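Dear colleague,

My findings are set out after it.

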Amino acid sequence: MADIQAAYLSCPIRQVISHFGDKWSMLVLYALHTSDSGIMRFNELRHFMTDCSQKMLSATLKNLEQHNLVHREAYAVVPPKVEYSLTETGRSLMPAIVYMVDWAQQHFDDVARKQLIL
């Protein structure tokens, strides 16, 4: 059992992917990457992800910021203004995510459509 625990704790895939591998994190990262300016405000992200609740989006952004994938810039203005962008670490992750998005588009019928029919 100790060997399993040690292998789990030292596994880079488990330890890194667990911080951004959920669907909301991937969508936030992709939205920021594909935005024209690379910067989005909270409501712009909500518009991009209409099926994500405000609470879940807020938690997702906090998680991505905590793990150095997203930068949050708050401005001292009225009304409050907060912008989100990818960090250098987040930008370095994007080729892999873009590849996964391309793969998903190519294989949608093989993987997802069959579940939608059931």
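This is a predicted model: local features need pLDDT of at least 70, side-chain atom pairs count only at pLDDT 80 or more; totals for chains, interfaces and linings use all residues.

I begin with helix α5, which comprises the 13 residues 54–66. At 1.5 Å a residue this helix should span 18 Å, and the 18 Å between its end C-alpha atoms agrees with that expectation. L57, T60, L61 and L64 are the buried residues of α5. Because they cover an arc of only 100° around the axis, they lie on the same side of the helix. An α-helix has 3.6 residues a turn, so residues three or four places apart point the same way. The elements covering the buried residues of α5 include α3 (23–34), α4 (42–48), β2 (70–75) and β3 (81–86). On the face turned away from the buried side, α5 carries the exposed residues K55, K62 and Q66. After the helix comes N68, with a positive phi near 65°.

The largest nonpolar core contains 23 residues, of which V28, L29, L32, L45, L57 and Y84 touch the most other members. Two or more residues are given to this core by each of α3, α4, α5, β3 and α6 (88–106). The greatest contribution is that of α3, with six residues. Leaving aside neighbours within four places in sequence, Y84 has contacts that include L32, F42, L45, L61 and V70.

As regards aromatic residues, a search of the whole structure finds zero aromatic pairs. K81, however, lies over the face of Y75, at 5.1 Å from the ring centre.

Yours sincerely

Terms used: Residues are numbered from 1 along each chain as its sequence is written. Side-chain values use heavy atoms; hydrogens and water are left out. Helices (H or I, at least four residues) and strands (E, at least two) are DSSP runs, numbered from the N terminus. The expected span of a helix is 1.5 Å times one less than its number of residues. Buried means under 20% relative accessible area, exposed over 50%, partly exposed in between (1.4 Å probe, protein chains only). The arc is that of the directions from the helix axis to the C-beta atoms. Contact means heavy atoms within 4.5 Å. Rings of Phe, Tyr and Trp (its six-membered ring) pair if their centres lie within 6.5 Å; planes under 30 degrees apart count as stacked, over 60 as edge-to-face and the rest as tilted. A charge sits over a ring if NZ of Lys or CZ of Arg is within 6 Å of the ring centre and within 35 degrees of the ring normal. A nonpolar core is a set of buried Ala, Val, Leu, Ile, Met, Phe, Trp, Tyr and Cys residues joined through side-chain atoms within 4.5 Å.
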